[in-house]
Amino acid sequence: MLPAPSTGGSSRRSPNLVISIPGTRQPPAFRPHFKPSGKLLFRYLPWVVGSTILLWLFVLRADNPPFGGGPGEGYRVPHHPHSRPGPPGFPPFTRQPWRPPPPGVESDGGHGHPPPNDDHQGFNWKWGSGGASNKAKQRPQVGVWDARAEKVKEAFVHAFEGYKRYADGYDELLPIVGGKVNNFNGWGVTLYDALDTMWIMGLHDMFRDSLENVAKADFYLKPDDFAPFFETTIRYLGGLLSAYALSGEPVLLTRADDLGRMLLPAFDTPSGFPMFAVNTKTGQTRKGWSGDALWAEALSNQMEYKYLAHITGRKEYYNKTDRIMQRMTQISLTNGLFPTRWDTESGTPTNQHYSVGAFADSAYEYMLKQWLLTGRSEPRALELYLLSESPTHRLEHLSCFLPGLLALGVQTLPDDILPAKTRERHLWAAQGLAETCWITYADTKTGLGPDEVTMQAWPPKKASSGQPPSTTITTPGPATTTEMTPHLMDRRAFWSSQSDEDIGGRWLDHVERWESDGRPGGVPPGAKTVSKESDPQKREWRSMKDSYLLRPETIESFYILWKTTGEVKWRERGWTVFEAIERHAKTKYGYASINNVDQVPPQWKDEMPSYFLAETLKYLYLLFIDDDLIPFEYWVFNTEAHPLPIFDWATWEKQAYGLNTTATTTSTTTTSTSTTANEEETNARP
C-alpha cells in the first residue's frame, strides 16, 4: 500500500504519482534560451575583436611592448642578485642572467636562481624559451642585415645536411665526392662543433635531433688509438659545454663531465703540462710529433676546465688546469715573450721561436678570456696577457684573430688597468692588423685570403735620407734579399720627405712622429684603408701558402670590431667574404677548401673542416644579425667559437682554489705600466 500524500506546504513530493514506462515517453524538445540573430552578432563582434587585439598587444607581447621600445631603445641590463660594480670608470659587471643548476652541488654562486620571467625588469630574455630571440620573426619587414644572416643560416643548413646525409657518425664530410672521414677520434666532431651554432641560429629541431647522437656517445677508443688532447678539448668538450649553457639540456652536461674525466690523465706529467694525446679508456698518453708540449696546447684548456669545475663542483678540474697557469707566472721571460715549445718533464722552454700564429695563437687568447670568464677574479691570467707581445713580419691566417682579441681587451679592460693612451694604441693596432688581414682577401682573384703571407719589411734606420735600401724578406727557409719594387719605393717616399732621418719599421715610432706632427688626417699610420691591388708584383705582401682553408679568424676579428666600434665597414667586408665563399667554395654536398686563392675557377680540396660550421658560419651569422644574441658582458668565446657564460666563483670555490680577487686592481695596474714600456721596444706587426 502506497503512503498517503502529504498536505504540508514544505513537502518536495508531487501530490500526484506519475509512473513512466521506459520507451513510451518522448523527451522534451530543446529550446535555446538565446536565439542568435544578425543584429546581435554585429553588436558584440567589435567588442570581441577589440578585446583580442588588446590581449595580443599587452599580454602576449609582454616581452616586447609595442610602445615601450625594444632592446635598441630603453634596453636595460637585468638586475641580478650577484651583480657587483666594476672598477672605477668601467660599467657594472654582472654575471650571466641564469644557467641550469649542476646536479648535486650546493653553492651560493647563483645556481639556485630560476630563469627570469619575460617581464623581469624589462629584460628581453633571449634563451628562456629554448632558443634565440623571436624578435626577428615579429618584425613585419626583415632588414638588410637580418636577410643576410638568413643567407648564412641557409649555408649552414646546406653544409650540415650534407654532413648528416653522407657522413653521419663520422668526423667530417668530404664535400667533393660526398664521402666521409674519421680524423678526430671518430666520434662525429662536426656534430659536436655545430651544436651551439644550431641553437644560436634558431635551428632547434635540428639541435634536438642531434642530441640522440650525444646521448649514445661513450667516447670509446681502441687500446692503440689516442685522442689529441687540445683538439678534443676545444672542439668536443667546448662544444658540449657551450650547448649546455645555451640550452640547459642535462645530457650535454653529463657527456661533458664524462669526457672531462676521461681526458684528465693527459695532465699527469711532472710539470703538469698536458701530453699531446690520451686514450680515453685506458688513460695511457703519448707525445706528439715534436716530443714537446706546444704552448697553444698547454694554455688552451683553462676556459673549458674551469667552467666545468664550476658547474660540476669537481675540484680536480680546476686544480689540474690551473697548475699550468701557476707555472707560467714562475717562468722568467725576456720582454714577456713566450716560446712555442715546452718540455713536459721540467716545464721549461725548449726553443726560442715566438709567434702569435700556429703553436701559440690560442694561448694569448685564453689569457684575457679566462680572466673575463671567471668574473675577473684571476689577476695572474690578466698580467700574462698584458705582458705578452710578439714581433714578426710573417703573417699566418691563424694570427688574424689578434685584431679581435685586442679590440676585446679595449672593450672590456677598465681604465685603471688599460690607461687611455695604451687603450687608444691597442685599438689602432687592432684596426691596422684587421686592415692587413682584409687586404690579403681583397687583393686576390677569388676574394679569399691565403693561409700564410710574408710582409715587405720596412727599411732599417739609416743616417741620412735618400733612396730606401734593399729589404730583407723573412721566409720559412733561408733568408733572401730582394730589391723593393718601384711601388713600394713610392710609398716610402712620403716618409723620407718628412724627416732627414728614416726611423725604420717600428710602428710606434711612426705613430709618435704622426702625433708630434699634430695627427694629420686623423688616422694613425698603419690603420688607414689600403687600396686593392690585383697585381701580385705590386702588393706589399707575398703569399707563402696559397690555400684558403675555410678559416674563421679574419671574420672573427670583423665581428668583434663591429661590436666594439660600430663601424659598418666590418660588416660590409664580412658580407664580401661570405659572397666569395658562396661563389668559389660551395659544392653539391657542402663547402670545400681552395688550393689557390689567385686562381679562378679555383681547384677544391676535398675537406670541410668542422670549424667551418663551429666558427666561420657562426661569426658571419652573428656579424649580420641585428639582435645581440651573445652579449660580451655575459659570454666569452673559446678558441673554437663556443660561447661560455661569464660566472662568479662561489665563496667555497674561492676558498678551495685560493682565489684572492681583491688583488686584481693593484696587481694589474702595475703590470699595465710595464706593458707600456715594453710596447716602446716592440717592432710593429704587419
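Colleague: How many disulfides does the structure hold?

Modeller: The structure, which is a predicted model, holds one disulfide, a term used here for a pair of cysteine sulfur atoms within 2.5 Å. C400 and C437 form it, with their sulfur atoms 2.1 Å apart.

Colleague: Why does the pair tie together parts that are apart in sequence?

Modeller: C400 lies in the loop between β8 (394-396) and α13 (402-412), whereas C437 is in helix α14 (residues 420-442), so the pair ties together parts that are 37 residues apart in sequence. Helices (H or I, at least four residues) and strands (E, at least two) are DSSP runs, numbered from the N terminus.

Colleague: And are C400 and C437 buried or exposed?

Modeller: Both C400 and C437 are buried, where buried means under 20% relative accessible area, exposed over 50%, and partly exposed in between (1.4 Å probe, protein chains only).

Colleague: Switching to α17, why is it largely enclosed?

Modeller: Of the 13 residues of α17, 11 are buried, so this helix is largely enclosed by the rest of the structure. Among the buried residues of α17 are F558, Y559 and W562. Just after α17, G566 takes a positive phi of about 75°.

Colleague: What should I keep in mind about the numbers?

Modeller: Residues are numbered from 1 along each chain as its sequence is written, and side-chain values use heavy atoms, with hydrogens and water left out. Because this is a predicted model, local features need pLDDT of at least 70 and side-chain atom pairs count only at pLDDT 80 or more, while totals for chains, interfaces and linings use all residues.
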